[in-house]
Amino acid sequence: MGQRGGRVEKRDISVVNGVIAAIEPSIEAAGGGTEYDCDNGLVLPAFVDIHTHLDKGHIWPRKENPDGTWLGALLAVQSDRENLWAASDVERRMDFSLRCAYAHGTAAIRTHLDSAPPQHEISWALFEKMRERWADRIELQACAIIGPDTMLDPVALDTIARQVKSSGGLLGGSVAVYGRSKQAMLAVVEKAGNLGLDLDLHTDETGDPAAHALLHLAEAVLETGFTGKVMAGHCCVLTVQDERTVKTTIDKVVEAGIAVVSLPMCNIYLQDRDNGNGAVRTPIRRGVTLLNEFKAAGATVAIASDNTRDPFYAYGDLDGAEVFREGARILHFDHPQDQAWDWVRAVGASPADHGDFAYKATIAVGQPADFIISRARAWSELMSRPQTDRIVIRNGMPIDTTLPDYRELDDLMGRLQ
């Protein structure tokens, strides 16, 4: 079943040589060719996961987050990276993650790569190798992630930016509460402009209302006349700032043409855990950004997986269906229910278009026959179960959706296989 005008409708999809040849009102089977009776199940485009961290994935068994906080995650990952992120280690974990994503029905992924020297030399060369290896299954993009101190170091920033340029990637970084956040944003925007790079940054991943990195990014884009694509992730601080600051920031983001991606599962895992005295308590502020307000104001919006089984998020499996289902619960974009189809774009067509992926995440005549068939017949059914019985169609044919076994990585975690 497909959707038109807010209603779910029955359609027949004809596929010829891996391409959608026709989409027509459902009729009785006429015979000839291979036919699948979807039994009124919803058909969704394959997923686009615009914000992930494939280089960090699956290190949790050897490097847990000691307290569940953002700082605890940062320090744990730093230790693991400095000691264990040889190319062979990152390659195996990255390939494992991609096999998970592919089995779940993902066709395109953007990953952020920790790029503080000397890791940039290891991870970017590996990414190029993985992009080629996976080209016929998952379309891959990569974005450098660096801290604000590196953004303000002209030599380091130029070194990393030129590596990104050579590898066909995007420039990015992470800024929250930082005394020179405006200068850091100006530096990274100007460098991207000089080298013709697009941008994707982590901004304001904090509950401290003193953070203004997203506003500073928008101002930097407008002041420099930057013409490339810009995406901002997290933007958590808007949930604790005053109404005037929120309006000013949203207006500037829309004016600057910045797309916003929310990472709902990771944000509710990390945000508002620490009250300063180490006491265990129930979180109140969950940290997910004002995605409905950004969308209403005219910004391109998306939701994505973020981290997977690492100190920043102990769970997850790069499953677009899980991201969509949990996003509906966390972000409250599920009412009225006839708008749910528009929000499917947030894990498909919207990030695909913003990211200039070749895969467009649309079910349309002339597009590749890459889609997901579920047993769910309505949005309530779709979002109530994990859809483990989904059929993933790629190039017109069902794929093997068997997930890789975590035991494959045991030797990397200090365990015997």
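**Salt bridges and overall fold of the predicted chain**

A salt bridge (a side-chain nitrogen of Lys or Arg within 4 Å of a carboxyl oxygen of Asp or Glu) joins the side chains of aspartate 200 and arginine 110, with an N to O distance of 2.8 Å. Aspartate 200 lies in strand 10 (residues 199-203) and arginine 110 in strand 7 (residues 106-114), so the pair ties together parts that are 90 residues apart in sequence; strands (E, at least two residues) and helices (H or I, at least four) are DSSP runs numbered from the N terminus. Aspartate 200 is buried, at 0% relative accessibility, and arginine 110 is buried at 3%, where buried denotes under 20% relative accessible area, exposed over 50% and partly exposed in between (1.4 Å probe, protein chains only).

The model is predicted, with local features requiring pLDDT of at least 70 and side-chain atom pairs pLDDT 80 or more, whereas totals for chains, interfaces and linings use all residues. Residues are numbered from 1 along each chain as its sequence is written, and side-chain values use heavy atoms, with hydrogens and water left out.

A salt bridge of 2.8 Å (N to O) also joins lysine 191 and aspartate 158; lysine 191 lies in helix 6 (residues 181-195) and aspartate 158 in helix 5 (residues 154-167), so the pair ties together parts 33 residues apart in sequence. Lysine 191 counts as buried at 17% relative accessibility. The count comes to 28 salt bridges, and Glu91, Asp95, Arg99, Lys129, Arg133 and Glu408 are linked in a network of them.

The protein chain comprises 14 helices and 16 strands, and buried residues make up 54% of its 417 residues.
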